[in-house]
Amino acid sequence: MVTAVRHLGPNWYASVMGTAIVATAGVALPVHLPGLRTICAGVWLLSLALLLVLLCARALHWHHHADQARAHLLDPATAPFYGCLAMALLAVGGGAVTVGRCWIGTTAAVALDTVLFTAGTAVGLAAAVAVPYLMAVRQHAEPRQATPVWLLPLVAPMVSAALGPLLVPYLPAGQPRETLLLGCFAMFGLSLLATLVMLPLVFARIVTGGPLPLALTPALFLVLGPLGQSTTAVGKFADVAPGVVPAPYSQGFGLLAVLYGVPVMGFALLWLALATAHVVRARRHGMRFSMTWWAFTFPVGTCVTGAEALARHTGLVVYGWLATGLYAVLVAAWATATVHTARGVVSGALLAGPRPVPVVLRPATARTTSGAVR
């Protein structure tokens with residue numbers, strides 16, 4: 001077991017995030033299918049089990065393979081995945097309140113979410129500062145290295161912003177509720193502005209530097225994360241604001257849910273089409289399964305929850321259809337990633353270290369006294 005976790009990176013938390021979003025997005029769909037809530041509760045339990053297993057495995061990794069763990073922190077391609085730890089904690093915690101309470105009860109669900117939300121928010125805020133700092137001071141990242149993975153630590157506070165409002169009704173009325181809501185709004189702004197700074201670097205790299213490497217192409221879907229999650233967040237603010245903040249501000253949150261959410265969801269659909277085109281191209285050029293395929297799950301799930309929020313606040317049926325269609329894509333992507341990951345774990349391929357690059361020897365040449373090459 002100790003040897004098996006040597007190459008277990010923080011990117012594995014993406015499987016927890018992708019599993020949890022299947023549960024939370026499913027229970028909020030505008031269509032009601034028999035047994036859907038029970039199935040979603042079972043999927044949430046699976047995400048909780050995955051989280052516990054990965055936390056233990058990562059603890060073993062840090063304890064027995066500290067050299068590898070430090071190498072991950074100093075790698076600009078791996079360090080941003082520490083944002084996934086925060087988002088995994090937050091996603092499972094939010095799922096406890098929305099769907100897990102069917103199995104464990106409301107009191108236990110709120111207690112679990114409180115612990116995971118607090119821990120996830122702390123880790124997310126720390127990653128949002130520490131990872132860009134390390135990239136600038138220790139990793140010496142260059143613009144040509146920019147990928148959507150760089151967004152991960154910046155998106156984590158947005159997940160806190162979107163899931164924090166779930167706890168607002170369980171706090172004492174008055175300042176505790178208002179403090180949490182406005183604190184989530186502050187994290188919304190923090191993450192949004194940081195994303196707006198980073199996203200041009202990513203877009204410029206894709207346009208001017210050519211397509212990403214085949215294995216990294218699914219990471220293009222990560223851009224959907226801040227778009228869908230921010231739309232979800234403003235919808236959640238509008239849901240809980242009445243009675244928590246004064247009337248003018250609560251109405252403002254309702255306006256923000258529509259005036260912000262509609263254009264951002266439009267851009268998310270544009271990016272979804274662009275990312276899909278790149279993935280189709282990469283697949284034709286031989287792209288095989290890797291853990292980056294989990295990028296097809298959580299970011300798409302945030303678009304589902306964002307569309308669900310717009311359906312609630314606009315009353316438009318088209319957003320309900322959009323949410324349902326995207327959820328079907330999410331379930332298909334999650335099932336595919338789950339099956340391939342399970343196969344890779346059983347075979348050991350996903351837990352093995354990176355393969356050494358083969359050395360290609362040039363054919364030896366010699367010159368005669370006349371100068372001819374033979």
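Student: What makes the crossing of α2 and α4 left-handed?

Tutor: A crossing gets that label if the near helix is turned anticlockwise from the far one by less than a right angle, and it is right-handed if clockwise. The crossing of α2 and α4 falls on the left-handed side of that rule. Before we go on: this is a predicted model, where local features need pLDDT of at least 70, side-chain atom pairs count only at pLDDT 80 or more, and totals for chains, interfaces and linings use all residues. Residues are numbered from 1 along each chain as its sequence is written, and side-chain values use heavy atoms, with hydrogens and water left out.

Student: At what angle do the axes of α2 and α4 cross, and how is that angle defined?

Tutor: The axes of helix α2 (residues 36-64) and α4 cross at roughly 145° and come within 9 Å. Axes are lines fitted to C-alpha atoms, for helices over the stretch in contact, and angles run from 0 to 180 degrees between N-to-C directions. The helices themselves are DSSP runs (H or I, at least four residues; strands are E, at least two), numbered from the N terminus.

Student: How do the residues in the contact of α2 with α4 divide by class?

Tutor: There are 18 nonpolar, six polar and three charged residues. Ala, Val, Leu, Ile, Met, Phe, Trp, Tyr, Cys and Pro count as nonpolar, Asp, Glu, Lys and Arg as charged, and the others, Gly among them, as polar.

Student: Why is α8 called roughly antiparallel to α9?

Tutor: Helix α8 (residues 224-240) and helix α9 (residues 247-259) pack at about 155°, with axes 8 Å apart. Under 35 degrees counts as roughly parallel, over 145 as roughly antiparallel, 65 to 115 as roughly perpendicular and the rest as oblique. That makes α8 roughly antiparallel to α9.

Student: Which residues make that contact?

Tutor: Val 234, Gly 235, Phe 237 and Ala 238 come from α8, and Phe 253, Gly 254, Leu 256 and Ala 257 from α9. Contact here means heavy atoms within 4.5 Å. By class you get six nonpolar, two polar and no charged residues. This crossing, too, is left-handed.

Student: And what makes α9 and α10 roughly parallel?

Tutor: Their axes cross at roughly 25° and come within 4 Å, with helix α10 spanning residues 261-284. By the angle rule, α9 and α10 are therefore roughly parallel to each other. Leu 256, Ala 257, Val 258 and Leu 259 of α9 meet Gly 261, Val 262 and Pro 263 of α10. That contact has six nonpolar, one polar and no charged residues.

Student: How do you know that Ala 241 is buried?

Tutor: Buried means under 20% relative accessible area, exposed over 50%, and partly exposed in between (1.4 Å probe, protein chains only). Ala 241 has 0%, so it is buried. Ala 241 lies in the loop between α8 and α9. Leaving aside neighbours within four places in sequence, Ala 241 is in contact with Leu 181, Ser 250 and Phe 253.

Student: What is the relative accessible area of Pro 76, and is that buried or exposed?

Tutor: Pro 76 has 14%, so it counts as buried. Pro 76 is found in the loop between α3 (66-73) and α4. Not counting residues up to four places away, Pro 76 touches Gln 139, Ala 141, Gln 145 and Trp 150.

Student: Why is Ser 160 called buried?

Tutor: Its relative accessible area is 1%, so Ser 160 passes the cut-off. Ser 160 sits in helix α6 (residues 152-163). Outside four places in sequence, its contacts include Leu 90, Phe 117 and Cys 184.

Student: What makes a set of residues a nonpolar core?

Tutor: The members are buried Ala, Val, Leu, Ile, Met, Phe, Trp, Tyr and Cys residues joined through side-chain atoms within 4.5 Å. The largest such core here has 117 residues, and Leu 181, Phe 221 and Phe 237 have the most contacts inside it. Helix α4 (residues 82-104) gives the largest share, twelve residues. Leaving aside neighbours within four places, Phe 237 is in contact with Ala 161, Pro 165, Leu 181, Cys 184, Phe 185, Phe 188 and Phe 253.
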